[in-house]
Amino acid sequence: MLATLEKRIHERFPRYLEALENLIRIPSISFDGFDKNEVIRSAQAVKTLFTNNGFQNVQLLTPPSGRSSVYAELRTKPHNPTILLYAHHDVQPTMREALWESPPFSPEVRNGRLYGRGTADDKAGIILHIAAVTQAVAVFGDKIPNIKFIIEGEEESGSVGLQTLINDNKELLKCDAVIVADNSNFAKGIPSITTSLRGMAAVEVVVKSLKAPLHSGSWSGPIPDPAQALCRMIASLTDAKGQIVIPHFMDGITEPTKEEEDAYDSLGMTEEIFRKDSGMVSTLSLMVDKKDILKSLWRKPSIVVTAMEAGSRTQSGNVLQDSAYARIGIRLAPGMDADVAMLQMIEHLKKHCPLGMDLSLFSEDGANPFTTDISHPYFEMMKEAMTQAYGAPARYIGCGASIPGAQFFRDAFGPIPVLLTGLEDPECNAHGENESLYLKDFEHGILAEALFFGSLHK
Ligand code: BES
Ligand code: MN
Ligand code: MN
């Protein structure tokens with residue numbers, strides 16, 4: 001069966017690539033301030049793909065934001081298990097367009113990778129699911145599980161409406177397992193199943209000091225500078241080594257199991273690899289011991305200032321600014337709670353706001369962390385399918401990023417297996433400029449999922 005499937009998928013791969021390229025051409029950015037109609041157009045395109053491939057009950061599920069998800073299904077036999085396949089069709093903004101070597105929404109293949117916004121994150125996940133199901137059913141017929149698809153339209157903006165959407169359509173989405181194709185392989189050619197995700201909480205901070213900016217020579221001295229005030233507030237969150245010092249912030253964190261620690265150690269991450277993959281400048285120190293790199297990435301919280309503004313670089317004359325802005329993002333370790341962390345953060349910032357600055361805080365919807373045990377047989381079956389498809393042993397890894405849906409499915413359907421797979425890799429530059437997808441892993445990923453479906457009836 002491996003050879004048959006491999007051949008079928010290989011023959012059809014140019015068509016899968018073309019279908020993916022057509023999705024990439026739609027700038028389905030789900031952030032506020034970007035055209036929502038493009039997300040809707042993207043949802044329509046995904047819907048058409050399902051319809052053209054013969055899937056049933058194809059429909060848009062639209063949350064209050066208007067950024068539609070797409071549902072479709074394939075019924076095989078009532079007593080077969082039902083597997084829900086997740087991916088998302090919305091994308092991040094492009095960042096600095098001038099730095100793209102080819103335009104973000106004009107897909108282009110170079111050196112075995114497809115470049116474009118949303119290639120790896122996560123439009124490839126959509127085609128992966130469709131191709132895997134189509135080929136699995138062609139080869140194994142109605143022995144494969146019943147399949148349901150949910151292709152979300154607002155993951156990148158925090159999956160704000162997804163929980164309600166799942167609850168409102170609980171019967172429709174009801175399933176025995178979920179495959180989330182929105183994660184990363186540990187490296188190119190190394191198939192991986194992710195067993196933990198960090199959570200996310202973000203807050204926008206504005207400190208205001210004046211009605212309007214003033215000449216810094218005429219006015220500075222007696223009057224506090226909002227930019228420095230904000231820097232002090234931000235600096236108060238961590239010590240010099242980046243360790244978070246907000247009281248009780250780290251209290252609930254769950255340590256990785258022995259099994260997980262062993263899995264991390266077996267991955268052979270070194271300081272050299274990590275420095276090279278991340279593009280750190282050579283003089284830069286790590287904030288953790290080199291043996292703790294993966295644990296720090298996957299199982300500890302971190303704080304990052306994702307944007308900062310006080311005046312502007314192009315007009316930075318001698319001005320005492322009237323306000324300063326920062327967006328602060330926190331990655332939450334498994335065991336932490338997004339709401340609790342947000343409150344602790346806000347309390348801390350309020351307490352450390354200096355000199356009577358006028359402080360405004362706007363918190364965004366957070367995402368809770370996620371962990372899964374791997375005792376359900378589907379995990380080993382997926383591992384085996386991946387190992388065969390990629391021709392390299394599959395690994396269990398953690399993830400420092402977040403996917404709100406993973407926990408929502410758990411909450412809605414109980415302790416069912418949630419398998420996190422995906423086609424990102426350390427080179428893919430998701431969220432940055434020149435995002436790309438490694439095409440060989442795309443093909444192997446399709447094969448792996450098709451083999452997994454085939455292995456379920458045995
Ligand atoms: N696909 C990513 C998550 C991811 C990134 C998994 C890298 C593995 C490796 C997802 O689209 C994402 O970016 N999630 C957001 C969620 C947030 C908006 C709540 C994130 O992590 O910032
Ligand atoms: Mn994603
Ligand atoms: Mn993303």
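Predicted model: local features only at pLDDT ≥ 70, side-chain atom pairs only at ≥ 80, totals over all residues.
Reader: In which helix is the place of Phe-50?

Author: Phe-50 sits in helix H2, which covers residues 36-52. Helices here are DSSP runs of H or I with at least four residues, strands are runs of E with at least two, and both are numbered from the N terminus. Residues are numbered from 1 along each chain as its sequence is written, chains are lettered from A and ligands numbered from 1 in the order in which they are written, and side-chain values use heavy atoms, with hydrogens and water left out.

Reader: Why is Phe-50 called buried?

Author: Its relative accessible area is 0%. Buried means under 20%, exposed over 50% and partly exposed in between (1.4 Å probe, protein chains only), so Phe-50 counts as buried.

Reader: What is Phe-50 in contact with, leaving aside its neighbours within four places in sequence?

Author: Phe-55, Val-58, Val-70, Ala-72, Ile-130, Phe-149 and Ile-151. Contact means heavy atoms within 4.5 Å. Met-345 is another story: 295 residues away in sequence, with its C-alpha 44 Å from that of Phe-50.

Reader: What makes Ala-229 count as buried?

Author: Ala-229 has a relative accessible area of 5%, so it falls below the cut-off and is buried. This alanine belongs to helix H7, residues 226-235. Not counting residues up to four places away in sequence, Ala-229 touches Pro-354 and Met-357. Its C-alpha is also 8.0 Å from that of Leu-355, which is 126 residues apart from it along the chain.

Reader: And Asp-425, how do you know whether it counts as buried or exposed?

Author: Same test: a relative accessibility of 5% means that Asp-425 counts as buried. Asp-425 lies in the loop from strand S17 (418-421) to strand S18 (436-438). A polar atom of its side chain is 2.8 Å from the backbone nitrogen of Glu-427, and the backbone nitrogen of Cys-428 lies 2.9 Å from a polar side-chain atom of Asp-425. Leaving aside neighbours within four places, its contacts are Arg-113, Ser-184, Asn-185, Lys-188 and Tyr-438.

Reader: Why do you say that the buried residues of H8 line one face of the helix?

Author: In H8 (residues 258-266), the buried ones are Glu-260, Ala-263 and Tyr-264. Looking down the axis, they fall within an arc of 100 degrees (taken from the directions from the axis to the C-beta atoms), so they line one face.

Reader: What do the buried residues of H8 pack against?

Author: Strand S8 (192-197), helix H10 (293-299) and strand S16 (395-399). Just after H8, Gly-268 has a positive phi of about 70 degrees.

Reader: Which residues come nearest to ligand 1?

Author: Glu-155, Asp-182, Arg-331, Ser-402 and His-431, out of the 15 residues around it. To be listed, a residue needs a heavy atom within 4 Å.

Reader: How far from an oxygen atom of ligand 1 does a polar side-chain atom of Glu-155 lie?

Author: The distance is 2.6 Å. For Asp-121, a polar side-chain atom is 3.0 Å from a ligand oxygen, and for Glu-156 the value is 3.1 Å. Ligand 1 taken alone exposes 520 Å², and the protein buries 85% of that.

How values were computed. Polar contact = N/O pair within 3.5 Å; in protein donor to acceptor, adjacent residues only side chain to side chain. Areas by Shrake-Rupley, 256 points an atom, 1.4 Å probe, with all protein chains shown as cover.
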